[in-house]
Amino acid sequence: MDWSNLSFGYHPTHGNVRCCYQDGKWSAPVFNASTEITLHMAATCLHYGQEVFEGLKAYCGKDGKIRLFRVEENAKRMINSATYLKMEAPSQELFIEAVRMAVNANLDFVPPYEGGATLYIRPLLIGTSPQVGVKPASEFLFVVFVTPVGPYFKGGFQPVNVIIDRDHDRAAPLGTGHAKTGGNYAASLLSLDVSNQQGYATALYLDAREKKYVDECGPANFFGIKHNTYVTPKSHSILPSITNMSIMTLAEDMGLKVERRQVPVQELQTFEEAGECGTAAVITPIGKIFDPATDQTITYGDGKTAGAISTQLYNQLRAIQYGDAPDPHKWVTVLR
Ligand SMILES: Cc1ncc(COP(=O)(O)O)c(C=O)c1O
């Protein structure tokens, strides 16, 4: 593998791990070398969007150990997402066991410490039994596959430019935004395409009801920093990011005040630094935000250089994930 030039995309590995929910119980997870899934054409995942997924990474440290970051939080979030979509979810134990098995079966695909690539882990849960009326499935498939990936945004830790999307909503105020389900991402594809075509890395969504408050970015939560305070939106329609949850703790550890609250659009221009955060995006500083409603661009710093606090947070998060720094909050599971 050319580890230093990996894209954030699918690369074949040895195989994946699967288990099924049937007759009221989960089967034991087993390794499967096939990349294919055979489905009934009336499976609920195909018609009624009964699918939820997760995303986490395995990191190879300088010491050669492979670490998972807060895997139990991904297991809990899958349970929460599945509960909202009337799906059976694997228990936390089963989720973690399947993740461990999938990584262990693909150890030679975990990128080395140097170079910024990681092994992305994608747990997927789908309703498989047939329904024609709108009803939940009674059978489910849980798959964990892995793929080595490079940075989500080309250039890694470099400011990106984003555009406020005033023409599309990703999720309704009382809808599925807090669940990691495919429908939210389907709803963002056109918007992402329009943003990319205008030269922006991603779209920034506002609250769908009033268009007054910041929700989140396409694949990541939003944060702003000012007066030694880390500010991040509180909204029912955004995904509760495990990275953001961790950064809030790290910000407090660094002596910053943390505010999780509604963030009015007008406040964007008052931040000294802004960024997006998530497993894939890690911390990606935002250089500029364009608002088509006012035709104005907000620039953070010189628009090209990451801010000092974002950089500090990024370095500390990465150091814990790779085992370069102590793990005071017990976030890391050493796989081997
Ligand atoms: C819509 C959305 N928001 C936020 C995040 C960040 O969440 P996490 O930090 O748990 O990866 C993701 C990525 O999973 C996402 O898809």
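This is a predicted model: local features need pLDDT of at least 70, side-chain atom pairs count only at pLDDT 80 or more; totals for chains, interfaces and linings use all residues.
Trainee: How many residues surround the ligand?
Mentor: There are 16. The closest are Tyr 185, Glu 216, Ser 241, Thr 243 and Thr 279.

Trainee: Which side-chain atom lies 2.7 Å from an oxygen atom of the ligand?
Mentor: A polar one of Arg 77. Glu 216 also has a side-chain N or O atom 2.7 Å from a nitrogen atom of the ligand. Both are polar contacts (a pair of N or O atoms within 3.5 Å; within protein, one must be able to donate a hydrogen and the other to accept it, and residues adjacent in sequence count only if both atoms are side-chain atoms).

Trainee: And where does the backbone come in?
Mentor: At Ile 242, where a polar backbone atom is 2.9 Å from an oxygen atom of the ligand.

Trainee: How much of the ligand does the protein bury?
Mentor: The ligand alone exposes 390 Å², and the protein buries 96% of that. Areas come from the Shrake-Rupley method with a 1.4 Å probe.

Trainee: Which elements give two or more residues to the shell?
Mentor: Strand 12 (220-226), helix 5 (242-253) and strand 15 (273-278). Helices (H or I, at least four residues) and strands (E, at least two) are DSSP runs, numbered from the N terminus.

Trainee: Staying with helix 5, is Met 248 buried or exposed?
Mentor: Met 248, found in helix 5, is buried, at a relative accessible area of 15%. Buried means under 20%, exposed over 50%, partly exposed in between (1.4 Å probe, protein chains only). The C-alpha atoms of Met 248 and Glu 259 are separated by 8.7 Å, and the two are 11 residues apart along the chain.

Trainee: Now helix 4. What does Asn 184 contact?
Mentor: Asn 184 lies in helix 4 (residues 182-197). Its side chain joins that of Thr 176 in a polar contact of 2.6 Å. Asn 184 is buried, with a relative accessible area of 2%.

Trainee: New topic: what is phi at Arg 70?
Mentor: Near 50°, a positive value in a residue other than glycine. Most residues other than glycine have a negative phi. Arg 70 sits in the loop between strand 6 (66-69) and helix 2 (71-84). At 9% relative accessibility, Arg 70 counts as buried.

Trainee: And what about phi of Lys 211?
Mentor: Phi of Lys 211 is near 55°, also positive. Lys 211 is in the loop between strand 10 (202-206) and strand 11 (214-217). Lys 211 counts as partly exposed, at 23% relative accessibility.

Note on methods:
Residues are numbered from 1 along each chain as its sequence is written. Side-chain values use heavy atoms; hydrogens and water are left out. A residue is near a molecule or strand if one of its heavy atoms lies within 4 Å of it.
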